[in-house]
Amino acid sequence: MKQILVFGHKNPDTDSICSAISFSELKNAQGVNAIPCRLGNVSKETQFALNYFGAEAPLFIENVNADENGKKEVILVDHNERQQTADGIETAKILEIVDHHKFALTTDEPLKITADTVGCTCTLIYRLFKQARITPSKKAAGLMMSAIISDTLLFKSPTCTPEDVEAVKELSKICGEENYEDYGMKLLIEGTSLSDKTPEEIITIDMKEFDMNNKKVAVAQVNTVDVAGLLTTQAKLEAAMDSMSKKSNYDLFVLIITDIIKAGSYALAVGKYPELVEKAFNVKLENKTAWLEGVVSRKKQVVPFMLTASQN
């Protein structure tokens, strides 16, 4: 039986990793030989969840180029944009997409798409488990619960929906971790520890590229409980952002530093078009930074506003 590769986006977060694992479990239960994969390193937060629920990290792959066996067959989870997916995707056959982001992918053939405006891809995958009348393993349930908690910042993100909350409650019972709030805070705090990270690592923990009116923009995000401490390294962060911008031809690099306690973020902008940030959020950058009150979601509260600003 041919292997189907299941993977999330580059610079994978907890949702990307846990989506690949849990959706592969569902597909295998349905008779598909699905292999969970990843396109980058596992973060500390994700590793905490993997260790907690006794799961192994997915197989690392560098590309999905066609080989002597022909086109590789793949399923994309938690992403659909070409700049965020595996190298060689143009030579692969995309069978299915499960995602909760805006769509920007054109394919040569029809395919199955599961998409909705929920806070996490794992919420959709759990929905698919229920539709198939298949109960996820304790491991998969715990990983899906972890991903939803991570993506919704324990329900504080505006992307969070009632379905996300209900999914966590149900999954917590399946995995035996019913005190999900305590577990969730441990997970988030584990993920915010940046003391062992270099500036280059910090700005690429969760970074995505976007085309904003012919401007190539990188938007990275880190969650922390120590914003002030991280900002003491601002000069080093700026240097790393500038270096990466030159290497990747970014017109603008924005780092969103989210305070998970105060439920807001600092934006640090480096590049040719810092006014995109000022227009998007009606703020004035001082020393290249501005506080964004109540902003915690890149997908819902950052990127759409910057896209609009780029068009005005």
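**A salt bridge and its surroundings: notes on a predicted model**

1. A salt bridge here is a side-chain nitrogen of Lys or Arg within 4 Å of a carboxyl oxygen of Asp or Glu. The pair links distant parts of the chain, 21 residues apart: Lys272 sits in the loop between β10 (264–271) and α10, and Asp251 in the loop between α9 and β9. Helices (H or I, at least four residues) and strands (E, at least two) are DSSP runs, numbered from the N terminus.

2. Before you go on, please note that this is a predicted model, in which local features need pLDDT of at least 70 and side-chain atom pairs count only at pLDDT 80 or more, while totals for chains, interfaces and linings use all residues. Residues are numbered from 1 along each chain as its sequence is written, and side-chain values use heavy atoms, with hydrogens and water left out.

3. Are the two partners of point 1 buried or exposed? Lys272 counts as exposed at 56% relative accessibility, whereas Asp251 counts as buried at 14%. Buried means under 20% relative accessible area, exposed over 50%, and partly exposed in between (1.4 Å probe, protein chains only). Leaving aside neighbours within four places in sequence, Asp251 is in contact with residues including Asn214, Lys216 and Tyr273; contact means heavy atoms within 4.5 Å.

4. How many salt bridges does the structure hold? There are eleven. One of them joins Lys288 to Glu238, with the closest N and O atoms 3.3 Å apart. These two residues are 50 apart in the chain, Lys288 in the loop between α10 (275–281) and β11 (289–292) and Glu238 in helix α9. Lys288 is partly exposed, with a relative accessible area of 39%, and Glu238 is buried, with 16%.

5. Another salt bridge pairs Arg127 with Asp116, the closest N and O atoms being 2.8 Å apart. Arg127 lies in helix α3 (residues 121–131) and Asp116 in the loop between β6 (112–115) and α3, so the pair ties together parts that are eleven residues apart in sequence. Asp116, Arg127 and Glu163 are linked in a network of salt bridges.

6. Do have a look at Thr85 as well, in the loop between β4 and β5 (93–99). Thr85 counts as buried, at 2% relative accessibility. The side chain of Thr85 makes a polar contact with the side chain of His79 (2.7 Å). A polar contact is a pair of N or O atoms within 3.5 Å; within protein, one must be able to donate a hydrogen and the other to accept it, and residues adjacent in sequence count only if both atoms are side-chain atoms.

7. Finally, zoom out to the domains. The assignment, which is automatic or from a database, gives domain 1 (4–192) and domain 2 (199–311). The contact takes 19 residues from domain 1 and 20 residues from domain 2. Together the domains bury about 1,700 Å², 58% of it on carbon and sulfur atoms; buried area is the accessible area (1.4 Å probe) that two parts lose on being put together, summed over both. Across this interface the rule finds zero salt bridges, but there are seven residue pairs in polar contact between the domains (both at pLDDT 80 or more).
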